[in-house]
Amino acid sequence: MSNKKPNSIFVSGPIAAQKIADDIQKHSSKVSIGAHSIFLGQVRADEIDNKKVTAIDYTAYEEMVMEKMAVIRESFFAKYALTCMHIYHSLGRVEVGEICLFVFTSSVHRRDAIDACNEMVETIKKELPIWGKEICEDNSSVWKKNN
(Lines give C-alpha, C1' and ligand atoms only; values in the text may rest on other atoms or scores of the structure.)
Protein backbone atom coordinates (compact mmCIF):
# COMPACT_ATOMS: atom_id res chain seq x y z
CA MET A 1 0.00 0.00 0.00
CA SER A 2 1.17 3.51 -0.80
CA ASN A 3 1.09 6.37 1.68
CA LYS A 4 1.78 8.90 -1.06
CA LYS A 5 -0.88 11.57 -1.54
CA PRO A 6 -1.73 11.72 -5.23
CA ASN A 7 -0.84 14.80 -7.22
CA SER A 8 -3.57 16.46 -9.22
CA ILE A 9 -4.66 14.26 -12.10
CA PHE A 10 -5.67 17.23 -14.23
CA VAL A 11 -3.90 18.61 -17.28
CA SER A 12 -5.09 21.73 -19.04
CA GLY A 13 -6.03 20.80 -22.61
CA PRO A 14 -4.75 17.67 -24.34
CA ILE A 15 -2.14 15.41 -22.77
CA ALA A 16 1.07 15.89 -24.74
CA ALA A 17 2.81 12.89 -26.25
CA GLN A 18 6.07 14.14 -24.72
CA LYS A 19 4.55 14.03 -21.21
CA ILE A 20 3.51 10.43 -21.80
CA ALA A 21 6.95 9.51 -23.15
CA ASP A 22 8.72 11.26 -20.26
CA ASP A 23 6.61 9.42 -17.65
CA ILE A 24 7.40 6.09 -19.28
CA GLN A 25 11.12 6.89 -19.59
CA LYS A 26 11.40 7.85 -15.90
CA HIS A 27 10.61 4.24 -15.00
CA SER A 28 13.58 2.71 -16.83
CA SER A 29 15.71 3.18 -13.71
CA LYS A 30 13.19 1.31 -11.53
CA VAL A 31 14.60 -2.15 -12.21
CA SER A 32 12.22 -4.05 -9.91
CA ILE A 33 9.37 -3.26 -12.32
CA GLY A 34 8.63 -6.06 -14.76
CA ALA A 35 5.47 -4.75 -16.41
CA HIS A 36 3.68 -1.56 -17.37
CA SER A 37 0.17 -1.22 -18.67
CA ILE A 38 -0.98 1.93 -20.43
CA PHE A 39 -4.35 3.23 -21.50
CA LEU A 40 -4.64 6.29 -23.71
CA GLY A 41 -8.08 7.78 -24.24
CA GLN A 42 -8.39 9.74 -27.48
CA VAL A 43 -11.20 12.05 -28.59
CA ARG A 44 -13.19 10.41 -31.40
CA ALA A 45 -14.85 12.09 -34.36
CA ASP A 46 -18.29 10.72 -33.50
CA GLU A 47 -21.48 11.85 -35.22
CA ILE A 48 -24.39 13.28 -33.24
CA ASP A 49 -27.59 14.03 -35.14
CA ASN A 50 -25.64 13.98 -38.44
CA LYS A 51 -23.10 16.49 -37.09
CA LYS A 52 -19.43 15.63 -36.66
CA VAL A 53 -17.84 16.03 -33.21
CA THR A 54 -14.73 18.22 -33.45
CA ALA A 55 -13.72 18.45 -29.77
CA ILE A 56 -14.72 17.73 -26.19
CA ASP A 57 -14.67 20.40 -23.48
CA TYR A 58 -13.98 18.69 -20.13
CA THR A 59 -15.03 20.06 -16.76
CA ALA A 60 -14.85 18.54 -13.29
CA TYR A 61 -15.65 19.05 -9.66
CA GLU A 62 -11.89 19.09 -9.02
CA GLU A 63 -11.86 19.01 -5.21
CA MET A 64 -14.24 16.05 -5.09
CA VAL A 65 -12.28 14.24 -7.80
CA MET A 66 -9.07 14.54 -5.81
CA GLU A 67 -10.74 13.41 -2.57
CA LYS A 68 -12.24 10.37 -4.30
CA MET A 69 -9.02 9.70 -6.20
CA ALA A 70 -7.04 9.48 -2.95
CA VAL A 71 -9.39 6.77 -1.65
CA ILE A 72 -9.49 4.94 -4.98
CA ARG A 73 -5.70 5.05 -5.28
CA GLU A 74 -5.23 3.49 -1.84
CA SER A 75 -7.74 0.75 -2.62
CA PHE A 76 -5.90 -0.11 -5.82
CA PHE A 77 -2.54 -0.32 -4.04
CA ALA A 78 -4.19 -2.62 -1.48
CA LYS A 79 -5.82 -4.81 -4.14
CA TYR A 80 -2.95 -5.02 -6.65
CA ALA A 81 0.81 -5.37 -6.21
CA LEU A 82 1.54 -2.07 -7.92
CA THR A 83 4.88 -0.32 -7.93
CA CYS A 84 3.33 2.92 -9.13
CA MET A 85 0.35 4.41 -10.90
CA HIS A 86 0.00 7.64 -12.86
CA ILE A 87 -3.29 9.13 -14.00
CA TYR A 88 -3.86 12.28 -16.04
CA HIS A 89 -7.19 13.60 -17.31
CA SER A 90 -7.71 16.64 -19.47
CA LEU A 91 -9.68 19.71 -18.47
CA GLY A 92 -10.78 22.21 -21.06
CA ARG A 93 -10.95 21.74 -24.82
CA VAL A 94 -9.42 18.67 -26.44
CA GLU A 95 -9.65 18.33 -30.21
CA VAL A 96 -10.50 15.14 -32.10
CA GLY A 97 -7.42 12.90 -32.27
CA GLU A 98 -5.83 14.32 -29.13
CA ILE A 99 -5.26 12.39 -25.89
CA CYS A 100 -7.61 13.19 -22.98
CA LEU A 101 -6.88 10.34 -20.52
CA PHE A 102 -3.61 8.62 -19.59
CA VAL A 103 -3.59 5.73 -17.11
CA PHE A 104 -0.19 4.10 -16.48
CA THR A 105 0.27 1.26 -13.98
CA SER A 106 3.48 -0.58 -13.09
CA SER A 107 4.09 -3.80 -11.21
CA VAL A 108 6.60 -6.60 -10.79
CA HIS A 109 4.32 -8.86 -12.88
CA ARG A 110 2.08 -8.13 -15.88
CA ARG A 111 -1.26 -9.39 -14.52
CA ASP A 112 -1.43 -6.80 -11.72
CA ALA A 113 -0.38 -3.98 -14.06
CA ILE A 114 -2.91 -4.96 -16.75
CA ASP A 115 -5.83 -5.66 -14.41
CA ALA A 116 -5.27 -2.49 -12.37
CA CYS A 117 -5.05 -0.35 -15.51
CA ASN A 118 -8.26 -1.77 -16.96
CA GLU A 119 -10.16 -1.44 -13.69
CA MET A 120 -8.90 2.10 -13.13
CA VAL A 121 -10.20 3.27 -16.52
CA GLU A 122 -13.65 1.86 -15.68
CA THR A 123 -13.53 3.37 -12.18
CA ILE A 124 -12.67 6.83 -13.52
CA LYS A 125 -15.59 6.69 -15.96
CA LYS A 126 -18.10 5.47 -13.35
CA GLU A 127 -17.08 7.22 -10.14
CA LEU A 128 -15.37 10.55 -10.78
CA PRO A 129 -17.34 13.76 -11.34
CA ILE A 130 -15.74 14.62 -14.68
CA TRP A 131 -17.94 15.67 -17.57
CA GLY A 132 -17.34 16.18 -21.27
CA LYS A 133 -19.33 18.45 -23.54
CA GLU A 134 -19.04 17.25 -27.14
CA ILE A 135 -18.61 20.20 -29.50
CA CYS A 136 -19.92 19.70 -33.04
CA GLU A 137 -18.75 21.26 -36.29
CA ASP A 138 -21.61 23.79 -36.18
CA ASN A 139 -20.60 24.76 -32.59
CA SER A 140 -23.66 23.04 -31.10
CA SER A 141 -22.91 20.85 -28.11
CA VAL A 142 -24.23 17.92 -26.11
CA TRP A 143 -23.08 16.46 -22.79
CA LYS A 144 -21.23 13.19 -23.36
CA LYS A 145 -22.56 9.95 -21.88
CA ASN A 146 -19.88 7.63 -20.47
CA ASN A 147 -20.12 4.11 -21.84
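A crossing of two helices is termed left-handed if the near helix is turned anticlockwise from the far one by less than a right angle, and right-handed if clockwise. In the structure described here, helix 2 passes helix 3 in a right-handed crossing. Helices (H or I, at least four residues) and strands (E, at least two) are DSSP runs, numbered from the N terminus. The model is a predicted one, in which local features need pLDDT of at least 70 and side-chain atom pairs count only at pLDDT 80 or more, whereas totals for chains, interfaces and linings use all residues. Residues are numbered from 1 along each chain as its sequence is written, and side-chain values use heavy atoms, with hydrogens and water left out.

Two packed helices are described by the angle between their axes and the distance between the axes. For helix 2 and helix 3, the axes come within 12 Å and cross at roughly 155 degrees; axes are lines fitted to C-alpha atoms, for helices over the stretch in contact, and angles run from 0 to 180 degrees between N-to-C directions. Helix 2 and helix 3 are therefore roughly antiparallel to each other (angles under 35 degrees count as roughly parallel, over 145 as roughly antiparallel, 65 to 115 as roughly perpendicular and the rest as oblique). On the side of helix 2 the contact (heavy atoms within 4.5 Å) is made by K68, M69, I72, F76 and K79, and on the side of helix 3 by A116, E119, M120, T123 and E127. These residues divide into five nonpolar, one polar and four charged, where Ala, Val, Leu, Ile, Met, Phe, Trp, Tyr, Cys and Pro count as nonpolar, Asp, Glu, Lys and Arg as charged, and the others, Gly among them, as polar.

A nonpolar core is a set of buried Ala, Val, Leu, Ile, Met, Phe, Trp, Tyr and Cys residues joined through side-chain atoms within 4.5 Å. Buried means under 20% relative accessible area, exposed over 50%, and partly exposed in between (1.4 Å probe, protein chains only). The largest nonpolar core has 27 residues, and I9, F76, I87, V103, M120 and L128 have the most contacts inside it. Two or more residues of this core come from each of strand 4 (51-60), helix 2 (62-79), strand 5 (82-95), strand 6 (99-107) and helix 3 (110-127). The most is given by helix 2, with six residues. A second, separate core of seven residues includes I15, Y88, I99 and F104. Residues up to four places away in sequence not being counted, L128 touches I9, V65, K68, M69, I72 and T123.

I124 lies in helix 3 and is buried, its relative accessible area being 5%. Apart from neighbours within four places in sequence, I124 is in contact with I87, H89, L101 and V103. S75, in helix 2, is partly exposed, with a relative accessible area of 39%. A separation of 29 Å is found between the C-alpha atoms of S75 and V43, which are 32 residues apart along the chain.

A55 lies in strand 4 and is buried at 0% relative accessible area. With residues up to four places away in sequence left out, A55 touches V43, R93, V94, E95, V96, K133, E134 and I135. The C-alpha atoms of A55 and N139, 84 residues apart along the chain, are separated by 9.7 Å. N139 lies in the loop between strand 7 (130-136) and strand 8 (141-143). Its phi is near 70 degrees, a positive value in a residue other than glycine, and N139 is exposed, with a relative accessible area of 64%. Phi is also positive in D49, a residue other than glycine, where the value is near 50 degrees. D49 is found in the loop between strand 3 (47-48) and strand 4 and counts as exposed at 66% relative accessibility.
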